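Subject: Structure handover

Hi,

Here is the structure I promised to pass on to you. Please open it next to this email, and my notes on what turned up follow below.

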Amino acid sequence: MKTRLIATMTFSLLILGACQQKTEAKQEEQTQKTETMNDTEEHYTFELSDKVTRQKVTFKNRYGIELTGDLYIPKNGGNNLPALAISGPFGAVKEQSSGLYANQMAERGFVALAFDPSYTGESGGEPRNVASPDINTEDFSAAIDFLGLQDNVDRNKLGIIGICGFGGFALNATAVDKRVKAVATTSMYDMSRVNAEGYFGSTTPEQRTKMLEQMSLQRWEDAKNGTPKYPENGLAQTNEESPQFVKEYYDYYKTDRGFHERSLNSNGAWTATNSLSFMNMPILTYIKEISPRPMLLIAGENAHSKYFSEDAYKNASEPKELMIIPNGVHTDLYDKIDVIPFDKLEKYFKENLK
């Protein structure tokens with residue numbers, strides 16, 4: 001199975017995402033803006049809880065990119081509430097997994113902000129569909145900025161949940177941002193590691209050099225054309241011969257279960273040069289500096305990505321916890337309410353955000 005995974009690396013998250021989308025008109029500049037969402041005009045892959053309100057908000061990161069998010073608030077209200085910044089999976093939008101998580105955590109008494117990362121979804125940044133180990137880490141800290149300014153939030157009770165590729169960014173953000181009191185990840189990917197090494201360290205030095213040469217030359221083509229190249233959608237080529245984990249991605253992103261028109265993974269690809277910075281900037285270098293704050297890593301027993309969480313756990317300092325979901329696969333932790341351990345997440349954050 002490992003050999004098969006390596007042989008089909010072109011289907012990995014490195015190329016999942018959306019083709020070039022038309023840049024949306026820039027919203028009126030402001031560091032924060034809140035407006036009530038009209039749910040009848042919005043497409044979400046889950047139902048909003050009748051115990052929760054949802055508002056659209058915008059805020060800027062320190063690079064000046066305006067991010068758009070959904071703020072989920074318990075209807076029973078209250079002051080000095082704990083709050084969570086939530087994003088992921090890599091290539092998804094806030095109307096998918098991160099919104100589902102925020103909805104569930106708001107039911108449990110948390111203010112929860114699910115947001116679109118820079119250059120994706122409804123958030124700003126050009127060109128579209130670009131990821132960055134630095135900027136996507138900063139996006140989490142910008143969400144913490146926003147949450148800490150809310151009147152009903154206790155800024156001493158702030159946490160982060162990162163899903164899939166944004167699990168790695170969540171850990172990186174927590175290491176550097178000491179305002180974050182606790183962090184949890186589900187189906188975590190270390191995007192810098194998988195870009196630099198391939199799955200299970202399968203990329204040889206020769207292959208790495210060739211990839212970097214190709215992307216370096218592509219930069220000239222992009223500069224000449226004035227726009228980046230976008231590869232074809234990887235998931236669109238899924239067939240019976242594809243690895244099981246690719247079929248699982250397809251089942252989420254390309255079907256009614258999780259499809260969203262703004263989701264990169266539902267529609268196309270990242271830019272052809274997207275991997276460049278990830279291959280040169282390891283994001284979990286300082287994972288030990290999360291301590292003495294706690295971390296909770298959650299992964300499926302049968303997930304192809306489980307080793308990322310296992311290795312992060314080994315490299316981190318206490319307090320830390322690794323929770324393995326029996327029989328779970330990577331995408332089970334995207335949206336399966338009966339599999340995602342929300343009771344565990346509630347207990348973990350209530351114990352550590354106080």
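This is a predicted model: local features need pLDDT of at least 70, side-chain atom pairs count only at pLDDT 80 or more; totals for chains, interfaces and linings use all residues.

Strand β4 (residues 81-87) and strand β6 run parallel and are joined by six bridges; strands are said to pair if DSSP finds at least two bridges between them. Across from Leu-81 sits Val-153 in β6.

Residues are numbered from 1 along each chain as its sequence is written, and side-chain values use heavy atoms, with hydrogens and water left out.

For accessibility, buried means under 20% relative accessible area, exposed means over 50%, and partly exposed is in between, using a 1.4 Å probe and protein chains only.

β6 (residues 153-163) also pairs with β7 in the parallel sense, over five bridges. Between β6 and β7 the chain passes through helix α4 (residues 165-176), giving a right-handed β-α-β crossover (with the strands pointing away from the viewer, the path from the first strand over the helix to the second runs clockwise). Gly-159 is opposite Ala-182 in β7, and Gly-162 has Thr-185 in β7 as its bridge partner.

How many residues of β7 (residues 182-186) are buried? Five of its five are, which leaves the strand mostly covered. In a regular strand the side chains alternate between the two faces of the sheet. Here, both faces of β7 are covered, with Ala-182, Ala-184 and Thr-186 buried on one side and Val-183 and Thr-185 buried on the other. β7 also runs parallel to β8 (residues 295-300), with four bridges joining them; Ala-184 is partnered there by Leu-296.

**Salt bridges**

Side chains of opposite charge can pair when their charged atoms come close. There are 25 salt bridges in the structure, each being a side-chain nitrogen of Lys or Arg within 4 Å of a carboxyl oxygen of Asp or Glu.

- Arg-108 and Asp-343 form one of them, at 3.2 Å from N to O. Arg-108 is in the loop between α2 (97-107) and β5 (111-115) and Asp-343 is in helix α11 (residues 342-352), so the pair ties together parts that are 235 residues apart in sequence. Arg-108 is buried at 17% relative accessible area, whereas Asp-343 is exposed at 56%.
- Asp-335 and Arg-257 form another, with their closest N and O atoms 2.7 Å apart. This pair links distant parts of the chain, 78 residues apart: Asp-335 belongs to helix α10 (residues 332-335) and Arg-257 to the loop between α7 (244-253) and α8 (264-267). Asp-335 counts as buried at 17% relative accessibility, and Arg-257 as partly exposed at 22%.
- Lys-350 and Glu-346 meet at 2.9 Å, N to O. They are four residues apart in helix α11, and so are separated by about one helical turn. Lys-350 is partly exposed, at 42% relative accessibility.

There is also a network of salt bridges linking Glu-42, Lys-56, Lys-94, Glu-95, Asp-116, Glu-122 and Arg-262.

**The cavity**

The count is one cavity of 30 Å³ or more. A cavity is a set of points, on a 1 Å grid over the protein atoms alone, where a 1.4 Å probe fits but cannot get out, and lining residues have an atom within 4 Å of a point. Grid points are joined across faces, edges and corners, and the volume is the space filled by probe spheres set on the points.

The largest cavity holds about 50 Å³ of space. Among the residues that line it are Phe-90, Pro-117, Val-130, Asn-136, Phe-166, Leu-264 and Trp-270. By class, its lining has eight nonpolar, four polar and no charged residues, where Ala, Val, Leu, Ile, Met, Phe, Trp, Tyr, Cys and Pro count as nonpolar, Asp, Glu, Lys and Arg as charged, and the others, Gly among them, as polar.

Best wishes

Technical notes. Helices (H or I, at least four residues) and strands (E, at least two) are DSSP runs, numbered from the N terminus. On a 1 Å grid over the protein atoms alone, a cavity is a set of points where a 1.4 Å probe fits but cannot get out, and a pocket is an open set with protein on both sides within 12 Å along at least five of seven lines; lining residues have an atom within 4 Å of a point.
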